[in-house]
Amino acid sequence: MNPLIEPFKIKVVEPIKMTTRAQRERLIKKAYYNLFFLHSNDIMIDMLTDSGTSAMSDAQWAGIMGGDEAYAGSRSFERFEQVVKDLTGYRHIIPTHQGRAAEKILFSSIVKKAGGVIPNNTHFDTTRANVEYTGTTAEDLVIDEGHDPASTYPFKGNMDLKKLKACIEKAGPENVPVVMMTVTNNSGGGQPVSMENLRAVRDMAHSYGIPFFLDACRFAENAYFIKQREKGYADKTIREIAHEMFSYSDGCTMSAKKDGLANIGGFLGINDDVLAQDCRNLLILTEGFPTYGGLAGRDLEAIAQGLDEVLEEDYLRFRIGQVAYLGDQLTKMGVPIMQPPGGHAIYVDAKSFLPHIPVNQFPGQALTVELYLEAGIRGVEIGSVMFGKKDPETGTEIPAALELVRLAVPRRVYTQSHIDYVADAFVRINERKKTIRGYKFVYEAPFLRHFTARFERV
Ligand SMILES: *Cc1c(COP(=O)(O)O)cnc(C)c1O
């Protein structure tokens with residue numbers, strides 16, 4: 001295979017502070033074996049998230065200097081609005097400070113009464129929380145392949161059409177204010193959705209008179225997968241594919257911290273004039289005037305430029321290729337990961353990697369700690385620490401379905417040799433994995449315990 005090279009040169013650098021294993025032993029102990037308590041300065045490769053962590057280009061930084069900070073009618077907004085309209089085709093573009101603000105405004109406006117249902121392939125956690133906040137049930141209806149870590153089905157983010165139909169029929173179409181689709185399916189491992197499935201979900205939603213919205217955070221990564229994997233798209237440009245994806249929907253929510261290649265920002269795109277009016281009224285209440293919506297003019301410039309750059313095929317080939325490369329390295333050495341690699345992260349199956357650690361001693365947590373000790377890498381546990389529950393009667397732990405460690409890859413931040421360094425850490429952990437021990441809580445908060453938990457080695 002040709003080596004994957006970074007399709008960019010490096011003009012500005014941010015030093016990484018190198019630490020020794022002895023230093024990391026001290027630091028992680030002081031952090032109660034919870035990586036959320038570490039200082040980012042003490043981390044060498046930070047794979048906690050791909051959100052808001054992208055490196056901006058020289059053209060984005062130049063745009064920042066040209067930001068127009070006028071309260072109303074800013075030319076930076078006009079540029080932003082034009083770029084988003086050209087990309088999506090929506091009639092109304094409403095800037096927000098990030099994705100969840102777009103969600104809050106959309107669901108507050110589109111849900112007219114409590115008690116309904118909003119289906120999605122898989123709701124991202126902020127999306128679910130904002131749906132539930134309106135008294136609406138959030139239903140996840142991804143296809144069965146999406147739940148099977150070993151399945152190599154090419155579009156594991158697809159919506160199950162039978163489940164969707166049954167869900168709408170059961171609730172009654174008048175109680176389904178909107179059907180959502182998340183591209184790529186973040187909470188389902190960054191797995192893509194096919195164009196065929198988008199079209200079919202649109203058709204079904206519209207046949208019941210229900211609007212169809214995209215959660216478009218990773219639209220460009222999804223478009224790249226369609227180009228690679230779906231018949232009839234190999235010769236289309238990413239922009240054409242993305243445009244077609246958006247064309248099937250009546251609007252979208254977007255976090256520019258993902259495929260906007262920016263460090264903050266988001267937007268709401270809407271076709272319906274009345275809904276757009278309602279959303280703008282709410283925007284003024286909580287975010288700001290409709291020509292800046294919670295952002296500075298310079299942020300709008302950075303996002304406008306980022307939305308152009310993210311469509312470049314050389315960029316996406318490197319982006320998706322880098323994630324796949326890490327996945328291939330781990331697979332070759334026998335480290336079990338969710339297959340096939342998604343767009344933005346690798347998910348290691350810690351339960352099968354560390355079978356000697358019982359789930360009530362948190363194999364995912366053990367692996368994240370070990371990655372830090374070995375090489376200064378920060379991943380995130382997505383398993384029973386994050387999603388386990390206490391039985392309300394007996395107080396015993398009910399484990400999560402999967403014990404995963406997510407290694408998210410920030411966009412344009414790490415080179416291929418950084419990725420080799422991560423893979424190399426796994427080689428050494430793999431050799432001594434039988435010696436790795438589990439963890440127990442010494443403190444846990446009543447909710448969202450993963451952020452503030454303290455652990456001890458068992
Ligand atoms: C990040 C994300 C959001 C929320 O966006 P924020 O900018 O973090 O508020 C919503 N949906 C998906 C799929 C996301 O990945």
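**Contacts of one residue**

Reply: Begin with contacts, meaning heavy atoms within 4.5 Å. Leaving aside neighbours within four places in sequence, Asp259 is in contact with Cys217, Arg218, Phe219, Ala220, Glu221, Met254, Gly306, Leu307, Val310 and Arg411. A caution: this is a predicted model, where local features need pLDDT of at least 70, side-chain atom pairs count only at pLDDT 80 or more, and totals for chains, interfaces and linings use all residues. Residues are numbered from 1 along each chain as its sequence is written, and side-chain values use heavy atoms, with hydrogens and water left out.

Me: Where is Asp259 found?

Reply: Helices (H or I, at least four residues) and strands (E, at least two) are DSSP runs, numbered from the N terminus. Asp259 sits in the loop between β7 (251-255) and β8 (266-270).

Me: Is Asp259 buried or exposed?

Reply: Buried means under 20% relative accessible area, exposed over 50%, and partly exposed in between (1.4 Å probe, protein chains only). Asp259 has 0% relative accessibility, so it counts as buried.

Me: Which backbone nitrogens does the side chain of Asp259 reach?

Reply: Look for polar contacts. These are pairs of N or O atoms within 3.5 Å; within protein, one must be able to donate a hydrogen and the other to accept it, and residues adjacent in sequence count only if both atoms are side-chain atoms. The Asp259 side chain reaches the backbone nitrogen of Phe219 at 3.4 Å. A polar atom of that side chain also lies 2.9 Å from the backbone nitrogen of Ala220.

Me: Now Phe451. How is it placed?

Reply: Phe451 is in the loop between β15 (439-443) and β16 (454-457). Its relative accessibility is 39%, so Phe451 counts as partly exposed.

Me: What does Phe451 contact, beyond its neighbours within four places in sequence?

Reply: Phe451 touches Asn34, Phe36 and Phe37. Compare sequence and space: Phe451 and Phe37 are 414 residues apart in sequence, yet 8.2 Å apart in space, C-alpha to C-alpha.

Me: Let us step back. How many helices and strands are in the chain?

Reply: The chain has 16 helices and 16 strands. Its radius of gyration is 22 Å, close to the 23 Å that the globule rule gives for 458 residues, so the chain is as compact as a globular protein of that length. That radius is taken over C-alpha atoms, and the rule is 2.2 Å times the number of residues to the power 0.38.

Me: What share of the 458 residues is buried?

Reply: Buried residues make up 57%.
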